[in-house]
Amino acid sequence: MVYNLTKGKSKDLIKGGEFKMRKKVSLLLVLALILSMLVIGCGEAEAPADDEEDVAVDAGEDVAELSKVGLVVAGGLGDRSFYDSANEGVEKAKEDLGIEIKVYECRNDPSLYTDQLVQASEYAPIVAVVGHEFYDVVQEIAEEFPDVYYIYVDNEIEGIDNLITISYAENEGSFLAGALAAMLTEEDSIGMVGGKDMPVIRNFEVGYRAGAEYINPDIKIETIFAEDFEDPAKGKEGATALYSGGADIVFQVAGKTGEGVFEAAKEMGKYAIGVDTDQRYINPDVIVASMVKKVGQSIYDTIINIQNDEIEPGKVVYYGLEQGGVGMGYGTEDMKQFVTDEMKAKLDEIEEKILNGEIEVPAAK
Amino acid sequence: MLKQILNLTLIQHTIRTATPLILAALGGLLTEHAGMLNIGMEGIILLGSFFGVLGSYFFGSSLAGVLLAGLVGLIVGLIFAIFVIDLKSDEFIVGIAINIFAGGLTVFLLRSIFGVKGAFSSPNIIPLPRLNLPGISSIPFLDIIFNNHTVFIYISWIFVIMTYIYLYKTPYGIWLRAAGEYPEALETAGVSFRRMKYIASIACGILCGFAGSHLSLGYLTLFTENMSANRGFIALAAIIFGRANPIKTFGAALMFGFFDALGIRLQVVGVPSQFTQMIPYVATIVALFILTRRQLTKRKRDSEKQFK
C-alpha cells in the first residue's frame, strides 16, 4: 500500500510542475548553506588571530610567556649534521632555560612547509625555521603572525620586524677546512661533494677552494654536486669518482648524502672532512676533522636574546669566525688524530689573519 | 679530458648503480606480465634495505640480512597479491599504500629498535662479501670491470637470464603471461591464473627485498630514511622502457645507470650540475622517441605488406 502511494505521489509531482518548484527551493537552501558556511568560515579564521594578539601582548611584558619554542625543519632530524645541530640548540634551550619545545618535520614535502610553519606559529611565540626551502614561506607567515618571533637560519632577509635571520660565514670556516685539506693531502688533489648547487653550498665551496689555494696555489680541487641531500648512494658514487680521479681528501657538504662519502673513503682507504657538527665520531678512521657550523648555538643565543628583548628587529645576525659561529672540530682525545699540532697552529694563524683582515675570504651568497 | 670521463670506472659505476634497479625491475616485470603492475616496489626496496641492515646487525651475517629482507619482501608481495587478486582492490592504490607504509614503518622501527633518527650505521653491520673471479683477474681490462663487485651484482645477471628463460622458454612462463593477457584461456587449459598471479607478486616482493638489501648491505653499509630514493620508480620506468622483456629491461636499467655515472663525471670536468642532472631524462626521452619511431615504421611496413 505504502509503496504504491509514494510511487503515485512522485509521479504526480513530476507531472504537476511541483517538482521543479521543489528543485528551486532546494537549490536556494543549498546556496544559503554554502553562504552561511563561508560566513562561519571567515569568522573562525579571524577569531584565532585575535587570540594571537592577546597572547603576544602579554608576551611582550612577561618573559615567562616566551617559554615555548617551535622548531620547523624542511627535512627530517637524524641527518647528523645541519638539522640535528639546530635541534641540539633548542634542546639546550629546553635544559638551560626550562622552555617547552616542539619539533615540526616536513620530511622534504613542500606541501607541508606552510602547514607546519602555521602549526608552530600557533604553538609557540618563538619559531626557529631551518632550511633554505622556507625562503618565501617564512616571509609570508611572518607577516601573518606579527607577534611571533621567527628565527630563520641560513638566509639574509631584512625589513620584517619579527623575522630574525642568521647568516653564517661558511666561507670562513671552509677556508680553514680547505687549508687543512691542502696540508694533509699527499696527492695535491682534493675534492668536495656538495648537496645541491645553491648559494649556501657555493659559499662553502669558494671558501674551501680559497683556503686550499692559500696553502698550495697549484692544488687540484674538484667539486661534485649530488643534487640530493638524502641519497647516500649518490654521495658514495660522487666521492668514488673524486677519489679515483686522484683526490685523497673529500669535504662533504651534503647532509645524509654525505654518509655515502664516508663510506667511499672507508672503502678506498682515503679521507674525508665532515660538516656542520663534529662528525668524527661517525668513523674516526677516515673522517679527519669537521667544519662545524654552529646552527644550534646561534639559535640558542637568539632565543636568549629574544627573551631579554635584545634583538634588533628586521636585521640579519652574522655568525662568522669572529662570533664563533663556524670553526673546525677535531673529535675527542681518544680518537686517532690526523691533524698535528703544527697544522693546528698554522690554522690558528690563518684564523688570526682572517679576523684581522689580512686574508680576505671570497664569498658566494 | 675525455680520459677523465670515459674510463673504466665509468663502467664500474654504471654496473653498481644499475644493480638495484635490475633486481627490482626483474620482480616488477613479472607482475607486469601477470597483469598487475606493482608500484609498491619503491616501498618494498626501502623495507628490504631496513631489514637487510637489521638482520645483518643482529645475526652478524650478511646472508641473514638478505634472507630477512627477502622474507619481508615475500610477505609484502603476498599482501599485495591478496588485496589485488582476491579482494580486487586497485593495484595502484595498494602500491601507494605500501610505499607510504614502508616510509613510516622504517622510521618508526629505526627509532624504536636502534634508538636513532635519520641514519643508522655501525661496524656491526656485516656487508655483503665481494667476489674476485680468479679466472679473469689476470686480464687488466676485465679485472677492473668485472671483479671486486658484491655478490648481488653477479646474481642479478644470473637472474636476468633465468627470468628470460622462465618467461619465454618454459610452460610456466607462458602460463604467467597468459594470466595477465588472457586468464580465461589459462583457466580453460586447467591452470589457475590466480596461482600464477600470486607467484608473480611474491617473486616481485622477494626480488625487491633483495634489491633493498643490496642497497644497504652491498652498495652501502648503512640505512638512512628513504634511502631507496625513488629507485623503485626508476625500475618501473626501466620495465616500461624494456617492454617487460628481461633482457631489454636489463639494458634500460644499465642505461639509467650509465647516464647517472656520466653525469657525475661530466661535473668533474666543469659541466654545471644543473645540466648534468637533466642528462638521464633527456636521454630517456630521446631513446623513447627513437624506439617508438622504429616500432611505428615497422608497423606501417607490416600493414603495407598486407595490402600488397
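**Close-up 1. The contact between chain A and chain B.** Counting heavy atoms within 4.5 Å as contact, 30 residues of chain A meet 29 residues of chain B. This is a predicted model, where local features need pLDDT of at least 70, side-chain atom pairs count only at pLDDT 80 or more, and totals for chains, interfaces and linings use all residues. Residues are numbered from 1 along each chain as its sequence is written, chains are lettered from A and ligands numbered from 1 in the order in which they are written, and side-chain values use heavy atoms, with hydrogens and water left out. The two chains bury about 2400 Å² between them, and carbon and sulfur atoms give 46% of that; buried area here is the accessible area (1.4 Å probe) that two parts lose on being put together, summed over both. On the chain A side, A:Glu227, A:Glu237 and A:Glu263 supply 21% of the area buried against chain B, more than any other three residues.

Close-up 2. Six salt bridges cross from chain A to chain B, each one a side-chain nitrogen of Lys or Arg within 4 Å of a carboxyl oxygen of Asp or Glu. One to look at is A:Glu237 with B:Arg16, whose closest N and O atoms are 2.8 Å apart. Helix 8 of chain A gives the most to the side that touches chain B, with 10 residues; helices (H or I, at least four residues) and strands (E, at least two) are DSSP runs, numbered from the N terminus.

**Close-up 3. A:Arg107 and B:Glu225.** The closest N and O atoms of this salt bridge sit 2.2 Å apart. B:Glu225 counts as buried at 3% relative accessibility, while A:Arg107 is partly exposed at 34%; buried means under 20% relative accessible area, exposed over 50%, partly exposed in between (1.4 Å probe, protein chains only).

**Close-up 4. Where the two domains of chain A meet.** Chain A splits into domain 1 (57-168) and domain 2 (170-292 + 326-355), with bounds from an automatic or database domain assignment. Their contact takes 11 residues from domain 1 and 15 residues from domain 2. Together the domains bury about 1100 Å², 47% of it on carbon and sulfur atoms. In domain 1, A:Arg80, A:Ser81 and A:Tyr168 lose the most area to domain 2.

**Close-up 5. A:Arg80 and A:Glu259.** The rule finds one salt bridge across the domain interface, and A:Arg80 and A:Glu259 meet in a salt bridge at 2.9 Å, N to O. A:Glu259 is in helix 9 and A:Arg80 in the loop between strand 1 (68-73) and helix 3, 179 residues apart. Both A:Glu259 and A:Arg80 are buried.

**Close-up 6. A:Glu170 and A:Lys293.** This salt bridge has its closest N and O atoms 2.9 Å apart. A:Glu170 belongs to helix 6 (residues 170-184) and A:Lys293 to strand 10 (residues 287-293), 123 residues apart. A:Glu170 and A:Lys293 are each buried.
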